[in-house]
Amino acid sequence: MGDQQQTRGSGGGSRGSKVYRALADRIRSGELESGVRVREEDIAASLGVSRTPVREAFARLQERGLLETTSEGLAVAKLSRPQVMELYALRAKLEGAAAAFAAENASPSDVASIRHAALVFAAQSKAPDIARANTLFHEAIYEAAHNRYLMRMLEDLNDSLALLPDTTFSVPGRADAAKTEHEAILSAIENRDPVGAEQAACLHIQHALEGRLMLLYSVKTSGQGR
């Protein structure tokens with residue numbers, strides 16, 4: 001039985017996980033945008049795998065809400081405004097918990113990593129680069145939290161957030177505000193203040209939501225898409 005379990009873990013299931021991760025990354029990068037139809041044969045050909053692991057990945061992506069069934073077949077999901085509100089509400093809780101855990105558990109090297117990520121963020125000037133640097137900053141906090149279960153929840157949440165178009169850092173003033181917010185989070189972590197770190201992180205996500213709603217509102221009213 002042990003050999004059978006090892007084979008199963010390193011076989012179709014493992015390939016399905018790799019295909020899932022590859023597709024989730026394509027959604028995050030914007031290569032697969034909301035509303036774009038996905039076909040098993042196309043994905044299998046592009047990744048050089050059979051259709052079986054692609055089918056497994058599609059099932060997992062549907063379960064996570066990243067793919068949805070349309071009249072034309074499976075497509076990358078589109079988030080409604082209520083879904084966006086729900087995601088950001090959960091994000092505030094999880095990011096707050098990560099910052100609080102980081103204030104309690106971060107090693108000196110963890111704090112140095114967060115500080116470095118904050119400096120990299122502050123040095124960026126273009127929205128896509130700022131967004132990538134922001135991801136690195138938050139991932140440094142996740143690592144410093146030293147809680148594998150929270151990490152899994154944040155990974156799943158961020159996969160769903162990848163369905164949102166554009167970045168809030170295209171909203172005027174958002175990047176500069178985020179620099180100040182990052183410093184507040186970092187300061188609380190450095191001072192071993194879990195309550196302050198949690199509050200600063202929650203406020204950061206609240207302001208990010210405000211930017212997201214501004215972005216969604218301007219897209220809908222301008223008629224110009226992105």
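How many aromatic pairs does a search of the whole structure find? The search finds 1 aromatic pair, where rings of Phe, Tyr and Trp (its six-membered ring) pair if their centres lie within 6.5 Å, and planes under 30 degrees apart count as stacked, over 60 as edge-to-face and the rest as tilted. Before you select it, note that this is a predicted model, in which local features need pLDDT of at least 70 and side-chain atom pairs count only at pLDDT 80 or more, while totals for chains, interfaces and linings use all residues. Residues are numbered from 1 along each chain as its sequence is written, and side-chain values use heavy atoms, with hydrogens and water left out.

**The aromatic pair**

Select Phe121 and Phe169, which form an edge-to-face pair at 5.5 Å centre to centre, with 65° between the planes. The two residues are 48 residues apart and link distant parts of the chain, since Phe121 lies in helix α6 (residues 108-122) and Phe169 in the loop between α8 (148-161) and α9 (174-190). Helices (H or I, at least four residues) and strands (E, at least two) are DSSP runs, numbered from the N terminus.

**From α7 to α5**

Now select helix α5 (residues 81-105) together with α7 (residues 127-145), whose axes come within 7 Å and cross at roughly 55°, so that α5 and α7 are oblique to each other. Among the residues that meet here are Arg91, Glu95 and Phe101 in α5 and His138, Ile141 and Tyr142 in α7. The residues of this contact divide into 8 nonpolar, 3 polar and 2 charged, where Ala, Val, Leu, Ile, Met, Phe, Trp, Tyr, Cys and Pro count as nonpolar, Asp, Glu, Lys and Arg as charged, and the others, Gly among them, as polar.

**From α5 to α9**

Ala99, Ala102 and Ala103 of α5 make the contact with Ile185, Ala188 and Ile189 of α9, which gives 6 nonpolar residues, no polar and no charged.

Most residues other than glycine have a negative phi. Select His146 in the loop between α7 and α8, which has a positive phi of about 55° although it is not a glycine, and then Arg192 in the loop between α9 and α10 (194-222), where phi is near 55°.

Finally, select strand β1 (residues 67-70) and strand β2 (residues 73-76), which pair in the antiparallel sense over 4 bridges; two strands pair if DSSP finds at least two bridges between them. A hairpin through 2 residues joins β1 to β2, and the bridge partner of Leu67 is Val76, while that of Glu68 is Ala75.

Note on methods
Axes are lines fitted to C-alpha atoms, for helices over the stretch in contact, and angles run from 0 to 180 degrees between N-to-C directions. Angles under 35 degrees count as roughly parallel, over 145 as roughly antiparallel, 65 to 115 as roughly perpendicular and the rest as oblique. Contact means heavy atoms within 4.5 Å.
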